[in-house]
Amino acid sequence: MTDSYITPDGRTIGGVLMDMRGITLRFGGVEAIKNISFDIREGEIRAIIGPNGAGKSSMLNVISGFYHPQDGEVWFRGAKRPSMRPYDVARQGIARTFQNIALFEGMSVLDNIMCGRLTHMKTGIFSQAIWHGAAQREEVENREAVERIIDFLEIQAIRKTPVGRLPYGLKKRVELARALAAEPKLLLLDEPMAGMNVEEKEDMSRFILDVNDEFGTTIALIEHDMGVVMDLSDRVVVMDYGRKIGDGTPDEVRGNQEVIDAYLGVAHD
Amino acid sequence: MFYREAGDFKTSYEADSQTFPIKFDRYRFWAVLAVAYLVIPFIINDYWANAILVPFLIYTIAAIGLNILTGYCGQVSLGTGGFMAVGAYAMYKLMTSFPDVSVVIHVILAGGITAVVGAAFGLPSLRIKGFYLAVATLAAQFFLVWLFNKVAWFYNYSASGQINAPERFVGGIAVTGPNTDAWAKYMICLVFVTVCAIIARNLTRGTMGRKWMAIRDMDIAAEIIGVNPLQAKLTAFAVSSFFIGISGALFFSVYLGAVEVGEAFGIQKSFLVLFMVIIGGLGSIFGSFAGAGFLVLLPVALKVIGVDLLGWPTDIVAHLQLVIIGALIMFFLIKEPHGLAQFWRIAKEKLRLWPFPY
Amino acid sequence: MSADFLYGIEVILNGLMAGVLYALVALGFVLIFKASGIFNYAQGVMALFAALTLVGIMEGQVPFSHMINAIFGTEIHHFGWHVPALLAIFLTLCVMVAFAWAVQKFVFRHLVGQEPIILFMATIGLAYFLEGMGDLMWGSDIKTLKVGLPQGGSRWIEDMTSGLGGDDFYGFFIDKLDMVATVVAAILVMSLIAFAQYSKQGRAMRAVADDHQAALSVGISLNFIWVLVWSLAGLVALVAGVMWGAKSGVQFSLSLIALKALPVLMLGGFTSIPGAIVGGLIIGVGEKLFEYTIGGMIGGATENWFAYVLALIFLVFRPQGLFGEKIIERV
């Protein structure tokens, strides 16, 4: 099961990229995550689903390094990850979007997406103070990378707009662009479809599939829309009250009685 | 119709990220520089230099510094006076200990020393945020003023506790000391402002500026996408203090010639520079110029109107100055929290479309 | 018991009393901050203005007399009457309430929802404005405030305690005014706490402090509560102004009280009434003890900065202060 294989639609799923082993996370007296283990394989689209309050966002925060679990280990690319600050986690190649949009409202769309390139931009402060030369060259190179993403997500018209002025759907797209700009190994999406209408969801689904297909990016996403989850993902993890109650392909999970009771429900005739 | 962007397309990313993308702006900028460097030095007199231009230039440097820390990086600091004091006293010690080294080097070194001190006092910003941080910077302010008052080494054990700038020359022309010409004072400050503004502009439009603004806007998200908050905040404190230190060094050596730390660099100074930044516009280099100009000109204008024109006694005018400045500050904060820079931006936007309304 | 040790106790007692006064001033800040999220830098200047107005009313001064004389060449200074202390206090209180109303209507109503630093800057602007106004209205010379409060050291206490320490010790020197100030401040603090906890308006105040929108939705008038809060702050300012003014004369340095309250609030947390009290006491005692023990060795006058450094060190370990609400950051 840890060897790579080819999916029916021609994508390659590789070995285990991220492995969460026995994660337990507590806030004071509340246990938000209770001894959960699951893995994410390279190149796949992994969905994390479950009712509100199940601990899904907390799990993403553990992966990002923002929360530190009291128990358990995180293994990334075959090595145990020591407790590290979120910015070091970002440098390892993990990027994400947020449930309540976390864009930098004081900056333009372009600047926000350029922020995604920060882990790739290395010139020192003295070079930047002079600007001409190394700093300007690096800026132009990274600008080119960012423009490719702007083209990909079709947001050329708004690149100089201050982010605060954008409608919700566009903000979500800009946030996705910022995460993509980092060229991550693992992309975490926290409810990317929240608040969208059917057309917007179709656009976003198409973008997510394209990202996975063209760039080979591994994606883990939290999502409530079951149609989206079942269509997009290769495997699904189901959480409820901090415990894992289901783990497998969409079909396997759809038939799991515990999952049906806790979350999916039954169609009424 | 003369302020157009239509037809002015940028064909490279370099051109797109330049400071003045609109041609008219660029020409205006060069014109201002030409007047500043080529015209004013020949027509300036003592009054204009000492009352208006020299303090304007010096405060602009301080405002740029504080703007970087507070406007771009979002770390509110009320310690500006104390850091200017560091610059001034560093300058004094350097001038008196190494009299053969050029004054220009001393100013830069004074800035560097202030940068280190600023970074040290910036360490609490990693744990303390927002308003609490502003109050914590007051610890720096009060402690530094006390330090320069009490530790006699700083003022070379002089009996008065005051520090005096010895006469120094650049290229044979006096820039400090009582015999300095008005235009010499003006020029040395002008050169420093130009260089500082260019550096500040470069830093804020690149990676560093984006890191700072990310921390300002949402520091948790910033950390998650890869910004090291320690590095970003300490750099902001260091760069900001570098500029503020230069400003303090020039304030002491070129502008006043002699200072007593309590009066010159007390908390009122910190508030003054913060007002310049806020009225001028947070997060804007132009705003630093505008704010400094406004707050240097206003008391002068009020005094001219009140004392010279209307003949009122100076203490009444001084009280009125407080009333009017206080009222103006509240007015600006209500009407345009983004300061004069925003007024300017809106005016330019309207000008772009003129004579059409939209 | 040695004389030194007993002097140390005296320092502590004086520190406690200074601390009560700090706590009182800090309370004014907490009230406004809790209800509106504004840190009112002008609180100290309000105390100065209140004291100036009180003296002005008591002595029958004509407001703006200096300015009127300068512009019109007249020579008026006083109305010629003297107003008894209690009536004057009541009238000053009315002035402070009018001030609270004006500040709310013309300034802070228009700044709802702005960031804390903008609000803080507005209060600094207000402080400058009020300071200039106070000077214009009543003149900037130092005034003595005579409201009938006892002054000078308490001989009774000195005599009672002189036997404790042997020949070198002359008894505790405790200023009577300080004792009165402590008692008044304590009463005021307890009344404010009682008001906030048990009265209908106090409950409304706490609701506004928690959530403006929610308070509006249950029918609480934000404007009324804010005027109330600023008036209470004005009352606290008046009391503080009277106490400090009686002690050291009504002068500009009174307005620097705001700066002293800041470390108190940092320690105690900006939103906590008990925090303001505990913080005030800690700073009051800490300052005096530090100056007494170590201050002499490093040049003295450490009271200028010690409170801040103490609060700063404290904040590094506990960023929300002793009693402040813990800042939970979520993404």
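Helix H6 of chain B (130-150) packs against helix H13 of chain C (residues 306-317) at an angle of about 140°, with the axes 9 Å apart. Axes here are lines fitted to C-alpha atoms, for helices over the stretch in contact, and angles run from 0 to 180 degrees between N-to-C directions. That angle makes H6(B) oblique to H13(C). Angles under 35 degrees count as roughly parallel, over 145 as roughly antiparallel, 65 to 115 as roughly perpendicular and the rest as oblique.

This is a predicted model, where local features need pLDDT of at least 70, side-chain atom pairs count only at pLDDT 80 or more, and totals for chains, interfaces and linings use all residues. Residues are numbered from 1 along each chain as its sequence is written, while chains are lettered from A and ligands numbered from 1 in the order in which they are written.

The crossing of H6(B) past H13(C) is left-handed. Left-handed means that the near helix is turned anticlockwise from the far one by less than a right angle; right-handed means clockwise. On H6(B), the contact uses Tyr132(B), Ala136(B), Leu138(B), Ala139(B), Phe142(B) and Phe143(B). H13(C) answers with Tyr308(C), Val309(C), Leu312(C) and Leu315(C). Residues are in contact if their C-beta atoms, placed from the backbone, lie within 7 Å. By class, this contact has 10 nonpolar, no polar and no charged residues. Ala, Val, Leu, Ile, Met, Phe, Trp, Tyr, Cys and Pro count as nonpolar, Asp, Glu, Lys and Arg as charged, and the others, Gly among them, as polar.

Now a pair inside chain B. Helix H4 (residues 80-97) and helix H9 (residues 229-256) of chain B have axes that come within 7 Å and cross at roughly 60°. H4(B) is thus oblique to H9(B). The crossing is right-handed. Among the residues that meet are Phe83(B) and Met91(B) in H4(B), and Ile244(B) and Phe252(B) in H9(B). The contact of H4(B) with H9(B) divides into 14 nonpolar, seven polar and no charged residues.

The chain contacts come next.

| Contact | Residues from one chain | Residues from the other |
|---|---|---|
| B with C | chain B: 35 residues | chain C: 39 residues |
| A with B | chain A: 32 residues | chain B: 25 residues |

The side of chain B that touches chain C has 30 nonpolar, three polar and two charged residues. On the side of chain A that touches chain B, the largest share, five residues, comes from H5(A). That side divides into 19 nonpolar, seven polar and six charged residues. Helices (H or I, at least four residues) are DSSP runs, numbered from the N terminus.

Conventions. Contact = placed C-beta atoms within 7 Å. Helix = DSSP H or I, 4+ residues; strand = E, 2+ residues; numbered from the N terminus.
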